[in-house]
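This briefing concerns a single protein chain, shown below. The points that follow are grouped by topic.

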Amino acid sequence: MKASSRSSFSSSPLFSSQNSNSDPNNSKSLPFRLQATQKPFFKSIKCIQSSSPESIPSKPTSFSCTAVTFPPSDIADFPSRTLTSLISEFESLPQPLDRVKRLLHYASLLPPLPESSRTDSNRVMGCTARVWLDVRRDDDGKMRFWADSDSEITKGFCACLVSVLDGVAPDQVLGLKTDDLAALNVGLPGGQRSRANTWHNVLVSMQKRTRALVAEQEGKVPFDPFPSLIVTAEGIEAKGSYAAAQAKYLFPDESRVNELVYVLKEKKIGVVAHFYMDPEVQGVLTAAQKHWPHIHISDSLVMADTAVKMAKAGCKFITVLGVDFMSENVRAILDQAGFGEVGVYRMSNERIGCSLADAAATPSYMKYLDAAFSSPPSLHVIYINTSLETKAYSHELVPTITCTSSNVVQTILQAFAQIPNLNLWYGPDSYMGANIAELFQQMTLMSDEEISEIHPSHNRESIKSLLPCLHYYQDGTCIVHHLFGHEVVEKINEMYCDAFLTAHFEVPGEMFSLAMEAKRRGMGVVGSTQNILDFIKNRVQEAVDRNFDEHLQFVLGTESGMVTSIVAAIRHLLQSAKSSSDKKINIEIVFPVSSDSMTKTSTSSSPALKSVKMGDIILPVVPGVAGGEGCSIHGGCASCPYMKMNSLSSLLKVCHNLPDKKDVLRAYAAERFKSQTSQGKSIAEVGCEPILHMRHFQGKKELPEKLVHQVLHSQGKGR
């Protein structure tokens, strides 16, 4: 490395220049030069030029911050000490404008990046401005970084990060945490989130590429990529046979679409379907929506609401594509709304179960509620994905309100704010319960102002006080979201840490923490299926509005059936923008989870399935879960076997046989509960009450007075 004779950072306390008298030979293997003196650390720092393009082929020159006043024993602490000094420097400038000027000054010193390095593969995802990052490892094993941006502010951020990490060992690059950058706030008015995102996302990209270079030089076999779909305005490209199976049904057979539309119109049939449907079914339904308005694909809560709207619009029958508790809810809500004459039909003559709903219908769950009953005042918050019967029995034992994955946090916070000395019991999803507890634990580290933005009635003390009173059931999981375990997280960390991460609230804790970290830097979402869809749509729309060539990568941390709705939404956005822009925007949807759920079946039992050769064994690929954790690039991903009982042939069979004059659909009809609770009330009536409490909360942002009264005065009357 060649020392600059005069540093342009001379006006900066951090980057002040001094002449170095040290022997170049003695510092050959170090990422920076050392001065023979041992004055206090960082009294002066100087800028040096990195190795020339001749010694590092095809790479631009860069600068790095050169410490000149600390002893060799402190070399290992160089990045953290440089960062500390950088933070101190910005904090020493009281006026935001002065900090911005300093940042712009650093931006002016960052060497230009050659066009050869300004490639899509070098783009950093998640930054409002375009950022390019080039990385390599030099002959001494140190990491070298070059960066640029079309925003001067962002360019200044990059200059600071390069000054901290250029020329240090890989483990030092990997040791820096995004939380370490929290204090780097240069005080720009507005846009605080995007500022933090720039620091964090550039750092994450530096670390990802560092890991890849180290692994490559050490001869490690890289992970196989997860299967994915790349969506553009022109079409779809599938990577992996599972993704190809998904893509196949995104462009359905027109004859099947026309057949369905004809019978739906003729018999006035509405269709409500969950996001997790089989891709063939979703492909046909999505195409049919253009010709018949009474088809709706959504999460479970909206399905029942939409069925009521369809009944009001004149539909005589509602077909429900989901698991049994969804058709039960549709039946009960229609009855409550006065549409008892509208028929409701499931898609199988067999039970369509749900591992999570089943967990709440066990003696173990009743024992859990017995503890709640014995600890007044108690409120039971039950996940919407449970049976009407479970909701009814629970509500008679302990006052109960339902929740969804998108409103559960607000429901719990409001309950603690509204009811003094409350004990709150959440169930049955154990992962969601643990994630909620972890989220509240993280909130205790936030400021009162930050907490009030989440819920205005809470602060650090109130969050700390509620933690001992928050209970969650510990033996209930969704078999699909259970797949996102340690192996998946490890692979995402290795290969997809710079991508946008989406996770359902039901995923295990490691995946939840990973997505929450991404969320903090604007690169992730944790919530419901609708939250995930909205997040992806918003990020794609932002890319369209920027009007640059883009490649965005989203890791889909929920059931893979959602891809149909996601792809339809993405294609609509990209095609709408196509007429006014010639920019190429590629959106990649990645299906995570591991290699253990390659489903093995006999070829004779599944003759229509394509096969994959693995050594001397030929396996048909079944897009579904076998057991264990998820999928390889050729195997089935996180896919619910219960949801896949809702086939296109079943839908057509039900529709063609309506009205059911020959009584062939008796086993397909959604159950209308005629039995009563222990208090002699209708199961349907009592089971709907927790849902109505939730609807009140969604509309008024407070628990209904009736429920509060039940919690405070009705405890024990269910006995």
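Contact means that heavy atoms lie within 4.5 Å. The model is a predicted one, in which local features need pLDDT of at least 70 and side-chain atom pairs count only at pLDDT 80 or more, whereas totals for chains, interfaces and linings use all residues. Residues are numbered from 1 along each chain as its sequence is written, and side-chain values use heavy atoms, with hydrogens and water left out.

**Overall architecture**

- The protein contains 24 helices and 21 strands, these being DSSP runs numbered from the N terminus (helices H or I, at least four residues; strands E, at least two).
- Among contacts between residues at least 6 apart in sequence, 73% join residues at least 24 apart.

- Helix α13 (residues 388–397) is mostly covered, with eight of its 10 residues buried.
- Those buried residues are Leu-388, Thr-390, Lys-391, Ala-392, Ser-394, His-395, Glu-396 and Leu-397.
- Their cover includes α10 (324–336), α12 (363–373), β12 (378–383), β13 (400–403), α23 (683–700) and α24 (705–713).
- Thr-400 belongs to strand β13, and Thr-400 counts as buried because its relative accessibility is 0%.
- Leaving aside neighbours within four places in sequence, Thr-400 is in contact with Ser-394 and His-395, and also with Leu-379, His-380, Ile-382, Pro-690, His-693 and Leu-707.
- The side chain of Thr-400 reaches the backbone oxygen of Val-398 at 2.7 Å.

**Strands covered on both faces**

- In a regular strand, side chains alternate between the two faces of the sheet.
- Strand β6 (residues 228–231) is covered on both faces: Ser-228 and Ile-230 are buried on one side, and Leu-229 and Val-231 on the other.
- β6 pairs with strand β7 (residues 236–239) in the antiparallel sense over four bridges; two strands pair if DSSP finds at least two bridges between them.
- A hairpin of four residues joins β6 to β7, and Ser-228 stands opposite Lys-239 in β7.
- β6 also runs antiparallel to strand β19 (residues 585–590), to which four bridges join it; there, Leu-229 has Ile-589 as its bridge partner.
- Strand β17 (residues 524–527) is likewise covered on both faces, with Gly-524 and Val-526 buried on one side and Val-525 and Gly-527 on the other.
- Four bridges join β17 to strand β16 (residues 500–504) in a parallel arrangement, in which Ala-503 stands opposite Val-526.

- On a 1 Å grid over the protein atoms alone, a pocket is an open set of points where a 1.4 Å probe fits, with protein on both sides within 12 Å along at least five of seven lines; lining residues have an atom within 4 Å of a point.
- The second largest pocket holds about 860 Å³ of space.
- Its lining comprises 37 residues, of which Arg-123, Met-125, Lys-208, Asp-498 and Gln-553 lie nearest the centre.
- α5 (192–217), α20 (529–546) and β18 (550–557) each supply at least two lining residues, and α5 gives the most, with eight.
- Ser-205 lies in helix α5 and counts as buried because its relative accessibility is 1%.
- Not counting residues up to four places away in sequence, Ser-205 touches Val-124, Leu-133 and Asp-498.
- The C-alpha atoms of Ser-205 and Tyr-496 are separated by 9.8 Å, although these residues are 291 apart along the chain.

Methods:
Grid points are joined across faces, edges and corners, and a volume is the space filled by probe spheres set on the points. Buried means under 20% relative accessible area, exposed over 50%, partly exposed in between (1.4 Å probe, protein chains only). A polar contact is a pair of N or O atoms within 3.5 Å; within protein, one must be able to donate a hydrogen and the other to accept it, and residues adjacent in sequence count only if both atoms are side-chain atoms.
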